[in-house]
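Have the structure open as you read.

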Amino acid sequence: METHVTDAAVGELTLTLDRDGGTVRVEGDAVPTVVVRRSAEAVTQRHVPIGTRGADQLTMTLDGAAVRLRPGPGRVTRHSYRAEVDHKEILYTFIPTSEESSSLFRGEDHLGNFTTITDGEVRAEWVAAPEPEEAAIGYALAVSFGSGAEHPVLALVSMFSF
């Protein structure tokens, strides 16, 4: 599935999600290309757009160079749905802040909020001007893992509902 987005900070982007093939690609004239790939051996989970949250089952590249991607396991708490990326000795954290949205941080600095509309379609609202690679990383994480997470109390209730 391919979606075209006009981002206020970085212009036109193409977001591609291939659930079956296990790839996400973010590209545009003003941003470096980011690719997230799922290994062929990964056991897929339908509720995760890229298919898995297993760090050992995923790779991420930025303009062809490997970057470290560490998604959380995605259990009961919103924090467990975070994903971290190390790039140029900077830690980027993508973490759910509501049922619908997740925020991208550069260290402690809040860069913006992402909301997944449908598979592969994402909206970003920037609170600080991102560098092009930061925007590309944020979109790649939102497309790969979706945004938001259920409130922990509701998640617990649904786990024990009959």
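## Aromatic cluster

Rings of Phe, Tyr and Trp (its six-membered ring) count as a pair if their centres lie within 6.5 Å; planes under 30 degrees apart are stacked, over 60 edge-to-face, and the rest tilted. By that rule, there are three aromatic pairs here. Ring pairs join Phe94, Phe114, Trp126 and Tyr139 into a cluster.

Before going on, some housekeeping: this is a predicted model, where local features need pLDDT of at least 70, side-chain atom pairs count only at pLDDT 80 or more, and totals for chains, interfaces and linings use all residues. Residues are numbered from 1 along each chain as its sequence is written, and side-chain values use heavy atoms, with hydrogens and water left out.

## Phe114 and its partners

Take Phe114 and Trp126: the ring centres sit 5.4 Å apart with the planes at 90°, so this pair is edge-to-face. Phe114 is in strand β10 and Trp126 in strand β11 (residues 121–126), so the pair ties together parts twelve residues apart in sequence. Strands here are DSSP runs of E, at least two residues long, and helices are runs of H or I, at least four, all numbered from the N terminus.

Phe114 also pairs with Tyr139, again edge-to-face, at 5.3 Å centre to centre and 90° between the planes. Tyr139 belongs to helix α1 (residues 132–145), so this pair ties Phe114 in strand β10 to a part 25 residues away in sequence.

How buried are these rings? Buried means under 20% relative accessible area, exposed over 50%, and partly exposed in between (1.4 Å probe, protein chains only). Phe114 comes out at 0% and Tyr139 at 1%, and Trp126 is buried too.

## Helix α1

Helix α1 has 14 residues and runs 20 Å from first C-alpha to last, close to the expected 20 Å; that expected span is 1.5 Å times one less than the number of residues. Most of α1 is covered, with 13 of its 14 residues buried. Just after α1, Gly146 takes a positive phi of about 75°.

## Thr115

Back in strand β10 (residues 109–118) you'll find Thr115, which is buried at a relative accessible area of 14%. What does the side chain of Thr115 make a polar contact with? The partner is the side chain of Ser101, at 2.8 Å. A polar contact is a pair of N or O atoms within 3.5 Å; within protein, one must be able to donate a hydrogen and the other to accept it, and residues adjacent in sequence count only if both atoms are side-chain atoms.

Leaving aside neighbours within four places in sequence, Thr115 is in contact (heavy atoms within 4.5 Å) with Glu100, Ser101, Glu121, Val122, Arg123 and Ser147.
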